Structure formats: structure tokens, C-alpha cells
Amino acid sequence: EGNPYTWWVGKANEKHYYWGGSGPGIQKCACGIERNCTDPKYYCNCDADYKQWRKDTGMLSYKEHLPVSQVVVGDIDRPGSEAKISVGPVRCQGDRNYWNAASFITSSSYLHFSTFQGETSADISFYFKTSAADGVFLENLGNTDFIKLELKSATEVSFSFDVGNGPVEIIVRSPNQLNDDQWHRVNAERNVKQASLQVDQLPLEVRKAPTEGHTRLELYSQLYVGAAGGQRGFLGCIRSLRMNGVTLDLEERAKVTPGVKPGCSGHCTSYGMYCANGGKCVEKYNGYSCDCSKTAYDGPFCIKDVGAFFEEGMWLRYNFHSPGTSMKDLVSRTLLSSTDPETTATDLNLNKEELSFSFSTTKSPCVLLYISSYTQDFMAVLVKPSGNLQIRYSLGGTKEPYNIDIDHRNMANGQPHTVNITRNERDIVLQLDHYPPTSYSLPTASDILFNSPKALFLGKVIEIGKIDQDIYKYNTPGFTGCLSRVQFNQIAPLKAALRPTNASSHVHIQGELVESNCGASPLTIPPMSAATDPWHLDSASADFPYNGQAIGDGVNRNSAIIGGVIAVVIFTILCTLVFLIRYMFRHKGTYHTNEAKGAESAESADAAIMNNDPNFTETIDESKKEWLI
């Protein structure tokens with residue numbers, strides 16, 4: 001009933017509420033499926049509020065959700081409440097030739113192999129990806145016999161053959177375009193009894209063989225993959241081509257064949273979406289990788305936060321130019337510009353910037369982040385003595401800095417908070433945690449250029465020259481807490497400090513920087529407003545009888561007592577009536593169910609769903625597909 005306190009995050013940064021031994025969408029642990037949980041009222045052992053340790057364990061094997069990148073555990077802030085979590089390694093098994101691929105770059109390109117030996121039985125499977133509307137996948141000829149697989153149109157795949165009884169053609173028609181530059185699987189089979197063709201998960205098309213006539217497929221020519229006999233060949237990628245259980249080495253043959261390239265480019269078209277948080281997809285020989293160098297994240301998919309714990313008095317400075325770099329060189333090599341190449345300021349004056357980071361702290365006041373300049377311009381993000389957040393801009397043209405005060409939220413509550421600030425000339429957009437973005441505007445008199453940025457400070461400001469008085473006061477004793485995924489335009493100062501990169505020479509640290517992601521996760525449940533929170537009390541307006549005020553007279557008190565007694569009596573009577581009605585009619589009425597097939601033999605309805613639902617099973621043979629366990 002409601003949102004769980006605990007979940008795990010898988011592929012595509014999605015939350016999942018099922019656990020080992022269970023399945024997607026069921027929102028139970030293994031004991032909930034097997035009906036042997038510690039407390040039968042719950043579906044996980046760890047939901048039982050027992051003083052003894054209880055454990056939920058099991059394998060997560062639904063590969064579309066793997067790997068596990070985060071586990072979030074809540075409801076542990078009560079006295080005596082603890083949790084321990086361990087995530088085992090991802091284990092993979094499958095065909096090592098799964099990505100053996102070739103790219104056909106002209107309509108006359110082809111690969112040739114020895115004659116296909118499929119007299120009485122033929123089993124052909126492969127994956128293809130294309131943007132062309134038609135083309136021949138493969139063909140093998142005899143005197144009159146032949147076998148051919150072909151993309152006939154953007155929505156049709158054809159399997160045709162002749163064993164001496166006349167040509168036979170099976171066509172699978174897809175409701176969606178097959179030339180969408182995504183991977184599609186083809187599986188064609190033929191034996192003495194029947195022939196079949198399947199594309200992806202579309203219905204299997206079957207054709208029965210005649211009861212009399214020829215049954216042997218007699219072929220003599222070479223097997224051609226791609227163009228054959230002057231026909232228009234396939235344009236695109238083919239991988240994992242298996243003929244009667246043998247994987248053809250497309251890559252090795254493509255190395256010595258003109259018009260065909262080994263491997264398959266274009267993985268980023270299909271999988272580039274998994275490079276998150278601004279990561280760049282990079283094509284590989286037989287796959288892809290994510291370049292996270294210009295992000296504040298790490299890991300194979302740029303989703304791992306890079307953060308650190310700051311002790312009191314510790315600080316980090318990132319110089320926007322390294323020692324010995326001339327100002328002219330800095331212009332050509334700076335990362336200060338945002339991801340838009342048009343924003344590169346040739347005079348090192350920024351008219352736009354993007355800043356994002358996460359933090360958690362219980363100490364206030366403090367300086368979270370400060371950007372200095374060779375002029376009087378600066379930008380700062382502060383936590384005021386009240387715990388409220390303040391963003392301060394000083395770009396010149398005004399006597400006082402422009403302040404954005406978030407007075408209605410205490411940010412020094414020990415919870416992780418996310419801050420995103422974007423400025424485009426005079427317009428500023430601020431987003432905190434999950435709250436909607438809020439827009440602000442610099443005063444008309446203010447300059448719109450951040451002139452000559454010099455350095456970025458985290459935790460404390462140690463700068464030569466005049467510093468704003470409030471910032472100077474907040475500077476002592478310094479920030480204590482966690483900072484994570486800090487990014488200013490294309491600069492990630494914490495990542496430069498914690499990971500050996502080309503930018504590491506720009507970083508100077510005072511104190512010991514300890515890596516931690518304790519400031520990474522933003523709040524997921526919005527706090528209730530004072531107007532809707534039933535437990536919120538405004539001390540200024542609360543009227544308590546003994547809070548320095550005398551009770552008017554005894555009559556009001558007696559009336560309140562009598563009214564309370566009457567209310568309790570009415571409530572008790574209503575509860576009794578409800579109980580009696582439910583007891584009297586509990587055996588009356590009927591119900592009907594539409595149970596999944598196999599429910600009568602399954603231990604529970606959830607187990608029956610997992611056994612029967614195709615989403616929980618792989619329809620492709622294990623020898624033809626990778627598995628993650």
C-alpha cells in the first residue's frame with residue numbers, strides 16, 4: 001500500500017521493487033512467492049519488525065533490467081533499525097560468436113562460403129540491422145533446387161526454397177518497419193515434414209510439406225551471403241549467422257572481401273541512449289563504449305556518481321588554466337564553454353553557464369561552491385545560518401550582488417540535495433531536488449558577462465584580494481559534509497581530483513579528500529508543506545491552554561470533555577456494527593478467477609505468472625543468445 005522504502009536501480013536508471021527469486025512487477029521477495037516469509041502478513045522477511053536479523057536473498061536474472069547500479073534502503077532511521085546489503089557480481093554466459101558481424105556497404109557486396117549441407121534439415125538464424133527497404137540476405141543454388149532468405153520490403157521477410165516439387169515461399173509481415181536501423185532476429189527452419197519462419201517475436205509462419213514428392217534439398221553452388229546472381233544484395237549489418245548449429249565467421253571472411261567490412265558500425269544508433277548524463281557513445285569494433293570524460297560521472301554508462309566527503313577546514317581549488325599556460329592558449333583549449341560550441345567566448349567572458357551538483361550537510365553557515373575571476377565578478381552557492389540556500393551573482397553594474405534566496409526549505413538537514421543552475425545572459429533557471437524549475441532574472445543594470453573566470457572552490461574560499469563580506473563570514477570554519485557530481489559547464493573538479501585525468505594538474509587540495517557518494521541520491525519523497533502536514537505546528541499561532549495562558553472558565557473545559565466522550569462512544573458503536581456485518585456476510589457471494597495456465601500445479605499465483613508469462617522467459621534458445629545471471 002504505497003511506495004516502498006527500498007528499491008534497486010537497474011539499466012536505463014529505472015527503479016525496481018522486486019527482489020532475488022521474484023520477478024518484474026510482482027513487488028515481492030522469494031519468500032513472498034514461496035509463501036514462507038517470517039511474518040505471513042508481508043512478502044519479504046525484512047518487512048517483519050523483529051529484533052533478530054532476517055534475510056532476503058536470491059538471484060536477479062531478468063537481463064533486461066541488469067546490471068544493478070544502486071540499492072536504496074530506507075526506513076532505517078528508527079532506533080534499533082539497521083540494514084545490511086550485498087550485491088553479488090554479474091555473471092554472463094552465451095555464444096562467443098554472438099557479435100560476429102559483417103557490414104555490407106554496397107548492394108553488390110557479398111561473402112561466399114562452402115555449399116550448405118541441408119539435404120533433409122535446415123536451421124538458419126541470424127540478426128540483421130538495416131535502413132534499406134529490401135535486399136537478399138543469403139542464397140544457395142543447385143540445378144533446380146535452391147534456398148533463399150530475403151528482405152522483400154520494409155515490412156516483409158521471405159523464406160523460399162525448392163526441393164524439386166516447385167518453389168515454396170513463406171512470408172512474415174511485420175506491423176512495424178524492419179528497416180529502422182535496429183536489430184531484428186530471423187529464424188528459418190525446414191525439414192521433411194514442414195518449414196517455418198519467424199521474425200523477432202512475431203507469430204511463427206508454418207507451411208506443411210506435401211505428403212508425396214521430393215524431400216532432399218540438393219545444392220551445388222557456394223553459399224552467398226549478400227548479393228547473388230545479379231540480385232540486389234542486403235545493405236547493412238548481419239551478425240551471429242548460424243547454419244545448422246555452426247556459426248559462420250563473417251568477420252574473418254570480410255577482412256579479405258571488398259565491399260564488406262568486419263564488425264558492425266552503428267551500435268550507438270541502437271544503444272547510445274544508455275550513455276547517460278551527457279556521456280558520449282563511442283563506436284567499437286564489435287560493440288560500443290561510453291566516454292564520460294566530460295561529465296561528472298563514471299562507470300561504463302556514466303551513471304556512477306563521483307563524490308567526496310569534506311572534513312571541517314578542507315577545501316578544493318580548480319584553476320581554469322594550468323600553471324604556465326598563457327591566456328591565449330587558454331582561449332583555444334578551455335572547457336569553460338558549455339556543450340554548445342557557439343558559446344565559446346574568445347575573450348574568456350561567459351554569457352552562459354551550467355552548474356550542477358549534489359550535497360548533504362548538517363552544518364551551517366558554509367560555502368558550498370565559489371567561482372572567482374580576475375575581475376570583481378563571482379558566483380557563489382551558500383548555506384545561510386538558517387540552513388536556507390542562497391545563490392549569489394556579482395557580474396558588475398550593480399552596487400550589491402544579486403541574491404536568490406530559498407527561504408522555505410532547510411537544506412542543512414543531513415539529507416542529499418541536488419542543485420541545478422543554468423544562466424543564459426540575464427535569465428537564470430534554478431532547480432532543487434525534484435521540485436519544478438524556478439526562473440529568475442538579473443537586474444537590468446547588471447552586466448550579463450562573467451568576466452575572466454579564474455578558479456572554482458569547493459568547501460572554502462582561499463583567494464587573494466577582496467572577498468564579499470558575507471562569504472568571508474561563512475568561510476569559517478568551512479563546509480563539512482558530502483559533495484557529489486559537481487560539474488561547471490564541461491569541468492568536473494571532483495572527478496579531476498579523484499580520477500587521473502588530463503585536468504588533474506588544475507586541482508589543488510587542502511586536506512585529505514576521501515571518495516564517497518553520500519551526497520549523491522536526491523530526495524525521492526517530497527516533504528509535506530505546512531498546509532497539508534497534519535503534524536505541523538506553527539509555534540507562533542498554536543494556542544495551548546498551558547502555554548502561558550489561563551483557561552477562560554470551567555464550562556468550556558467540561559463541554560470539551562463531554563463532546564469527546566460522546567465522539568468515542570459513537571465511534572465504538574460504528575466499529576462494532578461494521579464488524580458484525582462483515583462476520584454475518586463473510587460466506588455469502590461468489591467470485592470468479594481467470595487464472596494463468598499452470599496455476600493448479602504452481603505453489604502460488606505469482607509463481608504461476610512467472611511460469612506462464614513470456615516476459616519472464618527467453619523465447620530464444622540458450623545457444624543462440626547471451627544470458628545474464
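1. A residue is called buried here if its relative accessible area is under 20%, exposed if that area is over 50%, and partly exposed in between, with a 1.4 Å probe and protein chains only. By this criterion C44 counts as buried, at 11% relative accessibility. C29 is buried as well, with a relative accessible area of 4%.

2. On the basis of the values, the model is a predicted one, in which local features need pLDDT of at least 70 and side-chain atom pairs count only at pLDDT 80 or more, whereas totals for chains, interfaces and linings use all residues. Residues are numbered from 1 along each chain as its sequence is written, and side-chain values use heavy atoms, with hydrogens and water left out.

3. How many disulfides does a search of the whole structure find? With a disulfide taken as a pair of cysteine sulfur atoms within 2.5 Å, the search returns 4. One of them joins C29 and C44, whose sulfur atoms are 2.0 Å apart; the torsion about this S-S bond is about 90°, so the disulfide is right-handed. C29 lies in the loop between β2 (15-16) and α1 (30-34), and C44 in the loop between α1 and β3 (70-72), so the pair ties together parts that are 15 residues apart in sequence. Helices (H or I, at least four residues) and strands (E, at least two) are DSSP runs, numbered from the N terminus.

4. Another disulfide is formed by C275 and C290, with 2.0 Å between the sulfur atoms, and the link is left-handed, with -80° about the S-S bond. C275 sits in the loop between α3 (267-271) and β19 (280-284), while C290 belongs to strand β20 (residues 287-291), so parts of the chain that are 15 residues apart in sequence are tied together. Both C275 and C290 are buried.

5. C292 and C302 also form a disulfide, their sulfur atoms being 2.0 Å apart. Here the torsion about the S-S bond is about -90°, so the disulfide is left-handed. The pair links distant parts of the chain, with C292 in the loop between β20 and β21 (297-298) and C302 in the loop between β21 and β22 (304-305), 10 residues apart. Both C292 and C302 are buried.

6. Two further cysteines deserve a remark on accessibility: C366 is buried, with a relative accessible area of 0%, whereas C575 counts as partly exposed at 37% relative accessibility.

7. Turning to the sheets, two strands are said to pair if DSSP finds at least two bridges between them. An open sheet of 6 strands has the order β6-β15-β8-β9-β10-β11, with antiparallel pairing. Its edge strands, each of which pairs on one side only, are β6 (110-113) and β11 (168-173). Neighbouring strands of this sheet are turned by 15° against each other on average, direction ignored; axes are lines fitted to C-alpha atoms, for helices over the stretch in contact, and angles run from 0 to 180 degrees between N-to-C directions. Within the sheet, β9 (residues 146-153) and β10 (residues 156-162) pair in the antiparallel sense over 7 bridges, and I147 stands opposite F161 in β10.

8. A further open sheet has 7 strands in the order β30-β29-β28-β27-β35-β24-β37, and its pairing is antiparallel. The edge strands are β30 (402-406) and β37 (507-510), each pairing on one side only, and neighbouring strands are turned by 10° against each other on average, direction ignored. Strand β24 (residues 315-319) runs antiparallel to β37 and is joined to it by 4 bridges, with W315 opposite Q510 in β37.

9. Strands β32 (residues 427-432) and β33 (residues 438-441) run antiparallel and are joined by 4 bridges, and I428 stands opposite Y440 in β33. Their hairpin has 5 residues between the strands, and D433 takes a positive phi near 50° there.

10. A polar atom of the T361 side chain lies 2.6 Å from the backbone oxygen of T480. With contact meaning heavy atoms within 4.5 Å, T361 touches M411, A412, N413, G414, F479 and T480, not counting residues up to four places away in sequence.

How values were computed: A polar contact is a pair of N or O atoms within 3.5 Å; within protein, one must be able to donate a hydrogen and the other to accept it, and residues adjacent in sequence count only if both atoms are side-chain atoms.
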